[in-house]
Amino acid sequence: MNVYDTANKLAQELKTSTEYLDYKKIKEELDRSPEVKAKIREFEEKRYSVQLEALKGEEQEKSKLEEMQKIYIELMQDELARTYFEVELKFNVLIADVNKIIAESVQDVIK
């Protein structure tokens, strides 16, 4: 089996994984709840902005952090949003683990 065949097999395995299927399902549920979806998008935009500032070494605006925390607390009160974040995390961990395995396998030539 060549590398491309293996990569295609991995892609198929990922698409049938519980993590992928659960993530796909919760995203479809979010599509039917535009208010929750918009609130999640707002939170993710604020989180991205805060993370970007941190990476640039910029000082964090307290008000921006507080607003992000406020939105997150609101979202955690909503079962759909809470489930979305839990499922998203599980899917992201799966992808990160797969990437780590691949990166470790070629680490000797990447150094």
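## A quick tour of the helices and their aromatic rings

Let's start with α4, which has 15 residues and reaches 21 Å from its first C-alpha to its last, close to the 21 Å expected at 1.5 Å a residue. That expected span is 1.5 Å times one less than the number of residues in the helix. Helices here are DSSP runs (H or I, at least four residues), as are strands (E, at least two), and they are numbered from the N terminus. Keep in mind that this is a predicted model, where local features need pLDDT of at least 70 and side-chain atom pairs count only at pLDDT 80 or more, while totals for chains, interfaces and linings use all residues. Residues are numbered from 1 along each chain as its sequence is written, and side-chain values use heavy atoms, with hydrogens and water left out.

**Helix α4, inside and out**

- In α4, the buried residues include M68, I71, L75 and M76; buried means under 20% relative accessible area, exposed over 50%, and partly exposed in between (1.4 Å probe, protein chains only).
- These residues of α4 cover an arc of only 135° around the axis, so they sit on the same side of the helix; the arc is that of the directions from the helix axis to the C-beta atoms.
- An α-helix has 3.6 residues a turn, so residues three or four places apart point the same way.
- Over on the other side of α4, K62 and I73 are exposed.
- What covers the buried residues of α4? The cover includes α3 (34–55) and α5, where contact means heavy atoms within 4.5 Å.

**How α3 meets α4**

- Two packed helices are described by the angle between their axes and the distance between the axes.
- The axes of α3 and α4 come within 10 Å of each other and cross at roughly 145°; axes are lines fitted to C-alpha atoms, for helices over the stretch in contact, and angles run from 0 to 180 degrees between N-to-C directions.
- α3 passes α4 in a left-handed crossing, meaning the near helix is turned anticlockwise from the far one by less than a right angle (clockwise would be right-handed).
- On the α3 side, the residues making this contact include V36, I40, F43 and E53, and on the α4 side they include K64, M68, I71 and L75.
- E53, which is found in helix α3, counts as buried at 11% relative accessibility.
- Which residues does E53 touch, leaving aside its neighbours within four places in sequence? They are E58, E59, Q60, E61 and K64.
- E74 has its place in helix α4 and counts as partly exposed at 35% relative accessibility.

- α2 has 14 residues and reaches 20 Å from its first C-alpha to its last, close to the 20 Å expected at 1.5 Å a residue.
- The buried residues of α2 are Y23, I26 and L30, and seen down the axis they fall within an arc of 70°, so they line one face of the helix.
- The cover over those buried residues of α2 includes α3 and α5.
- α2 and α5 pack at an angle of about 150°, with their axes 9 Å apart, and α2 passes α5 in a left-handed crossing.
- Among the residues that meet here are Y20, Y23, I26 and L30 in α2 and Y84, V87, F91 and L94 in α5.

**The aromatic rings**

- How many aromatic pairs does a search of the whole structure find? There are seven; rings of Phe, Tyr and Trp (its six-membered ring) pair if their centres lie within 6.5 Å, and planes under 30 degrees apart count as stacked, over 60 as edge-to-face and the rest as tilted.
- The rings of Y20 and F91 have their centres 6.3 Å apart and their planes at 55°, so this pair is tilted.
- Y20 lies in helix α2 (residues 18–31) and F91 in helix α5 (residues 79–105), so the pair ties together parts that are 71 residues apart in sequence.
- Y20 is partly exposed, with a relative accessible area of 21%, while F91 counts as buried at 16%.
- The rings of Y72 and F85 are also a tilted pair, because their centres are 5.9 Å apart and their planes lie at 50°.
- Y72 lies in helix α4 (residues 62–76) and F85 in helix α5, so this pair ties together parts that are 13 residues apart in sequence.
- Y72 is partly exposed at 36% relative accessible area, and F85 is buried at 12%.
- Y20, Y23, F43, Y72, Y84, F85 and F91 form one aromatic cluster.

**After α6**

- K111 is found in the segment after α6 (107–110) and is exposed, with a relative accessible area of 81%.
- K111 and A54 are 57 residues apart in sequence and 27 Å apart in space, C-alpha to C-alpha.
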